[in-house]
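Open your viewer and load the model. This tour says what to select at each stop and what you will find there.

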Amino acid sequence: MSAADAAADRPAARAAAEAAARPATAYISWVALALMTTASVASLRPAPTMGLYGLAAIFLYVVPGIVFLLPTALVSAELASGWTGGVYNWVSEGLSKPLGFLAVWCQFAMTIFYYPSLLGYVASTLAYVFNPELATSGLWTALVIMVCYWSGVYISSQGTKSVAGLSSAGLIIGTLAPGVLLVLLGMVFLGQGNPSAAPMDAAHLLPPWAGIASLVLIVNNFLSYSGMEMNAVHVGSLRNPPREFPRAMFLAMGLVLLIFILPALAIAWVVPAEELSLTAGVMQAFDAVFAEFDITWLTPIIGIALVTASLGGMLTWLAGPSKGLLLISRHEGYLPPFLQRLNKHGVQQNILVTQGIITTVIALLYAFIPDVSSAYWIFSVITTQVYLIVYLLMFVAAVRLRRTQPDHPRGFRAPILPTLCVVGFLASIAALLIGFVPPSQFGGASPFIYLIIVGGGVVIVGLLVPFLFYKLRKPSWKLPEGS
């Protein structure tokens, strides 16, 4: 064997040795990872809102899919096939370790306000199933948020395989099955000779132009695809990461597009736009479709299924960003040892518990302080803006790694990677800038005040806090491998 052949074989041999050393229970299939990724991104929740636009919903999802989803999926597939550890390691290798910490911190910080929002939706959906009047009860909302979050912490603490199984089941039961049912009913509705409630001709392929509002609508759908890169932190749990992770990303990308587009069209076929409300929610949309077929008894069952999907999605978000934060903190000593401790399953339980305390406080505030909902909404905008920093860093790091480490083994090489990164970077910048445009929820308050609040929040949550962690770190906080 030549020296070149031996050099080429070393990464494969090393990967095989590492794989052999891992316990069999640590493995998950690439299909399970694809379902985890789909569960963390796709949802039926926006279907009624997008159903308002009828056939134009395709345009509103496909354009962001081309300029944001496709670059994110392909770039993260290449990075994960060459560097394990998720976004923190990609940015650390491509740019610097402090920026790697910034990337994973921003990914983690976004989830602080994501959980109460997601679980608030769970609370309102369950209320619709049992007693719709509970939807306005702050006590009910707080209890559901706390019970669901802490249950998720317990499940996540049992290891990645538990999370993969439950999140995949949640996706199938609560998103794929109801989505397929909705689409089939829509097709039956049309097949019976009923006219589509929304026009389905070429003249309605594009949404009506309404100036900046139309631009905001399109750019906001960029964020519908956020999270595609998150589960790359689990790439080490695959048997053959270079081959299997790209497969998982492509399958997830296809499923996400189908889940977003087809149910929205099905609702547009059956339910007239004037009967749809931006605030009515997916449960009412299902109820309206079922009413056409006199099967409204299915509505509570669908409600429970949707809750299952939301909880499965929560599990993937619990397992991903916090694991990335843990890994770089153990290597570089960015967090105190208390937050770096693992339980017997190798899970970052102390980080999850600390985050749970913050989630609990937010739930109580949201439930019992009347004016907190508007402040909470502002915080949600801030954390979304913070998350976009992750994508800006990821795209820059990917280009630089192609230049500085062109011969580094990669199981998958994204075609026209520089172009993909430029498009994805510009899309992220556009979404970041649009986030500073005051929406209708802000009322008639000064746009300057809105800009100061959101901009200040991004600086504090996305830059100041990780900077303080970085400056206060101690050499003694570094933990040796295997500890």
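Is arginine 402 buried, partly exposed or exposed? Arginine 402 is partly exposed, with a relative accessible area of 23%. Buried means under 20% relative accessible area, exposed over 50%, and partly exposed in between (1.4 Å probe, protein chains only).

Some ground rules before the next selection. This is a predicted model, in which local features need pLDDT of at least 70, side-chain atom pairs count only at pLDDT 80 or more, and totals for chains, interfaces and linings use all residues. Residues are numbered from 1 along each chain as its sequence is written, and side-chain values use heavy atoms, with hydrogens and water left out.

**Stop 1: the whole chain**

Show the cartoon. The protein chain has 17 helices and zero strands. These are DSSP runs numbered from the N terminus (helices H or I, at least four residues; strands E, at least two). Of the 483 residues, 51% are buried. Switch to a surface: the chain exposes about 20,700 Å², and carbon and sulfur atoms supply 69% of it. Those areas come from the Shrake-Rupley method with a 1.4 Å probe; for residues, only the protein chains shown count as cover. A contact is heavy atoms within 4.5 Å. Among contacts with a separation of 6 or more, 82% join residues 24 or more positions apart.

**Stop 2: the salt bridges**

Select Glu78, Arg402 and Arg410. They are linked in a network of salt bridges. The criterion is a side-chain nitrogen of Lys or Arg within 4 Å of a carboxyl oxygen of Asp or Glu. A search of the whole structure finds two such bridges.

Glutamate 78 meets arginine 402 at 2.9 Å, N to O. Glutamate 78 lies in helix H4 (residues 56-82) and arginine 402 in helix H15 (residues 372-404), so this pair ties together parts 324 residues apart in sequence. Glutamate 78 also meets arginine 410, at 3.0 Å, N to O. Arginine 410 sits in the loop between H15 and helix H16 (417-434), 332 residues from glutamate 78. Now color by accessibility. Glutamate 78 is buried at 1%, and arginine 410 is buried at 12%.

**Stop 3: the nonpolar core**

Select Val75 and Met228. Of the 137 residues in the largest nonpolar core, these two touch the most other members. Helix H6 (residues 97-130) gives the most to this core, with 18 residues. Such a core is a set of buried Ala, Val, Leu, Ile, Met, Phe, Trp, Tyr and Cys residues joined through side-chain atoms within 4.5 Å. Leaving aside neighbours within four places in sequence, its contacts include Thr37, Val41, Leu69, Met253 and Tyr391.

**Stop 4: helix H2**

Thr37 and Val41 are among the buried residues of H2. Select the helix, residues 30-41. Because 10 of its 12 residues are buried, H2 is largely enclosed by the rest of the structure. The expected span is 1.5 Å times one less than the number of residues.

**Stop 5**

Select threonine 359, in helix H14 (residues 349-368). At 1% relative accessibility, threonine 359 counts as buried. Beyond four places in sequence, threonine 359 touches Ile112, Tyr115, Pro116, Ile145 and Tyr149.

Step to threonine 360, also placed in H14. Threonine 360 counts as buried at 16%. What joins the side chains of threonine 360 and tryptophan 150? A polar contact of 3.1 Å. That term means a pair of N or O atoms within 3.5 Å; within protein, one must be able to donate a hydrogen and the other to accept it, and residues adjacent in sequence count only if both atoms are side-chain atoms.
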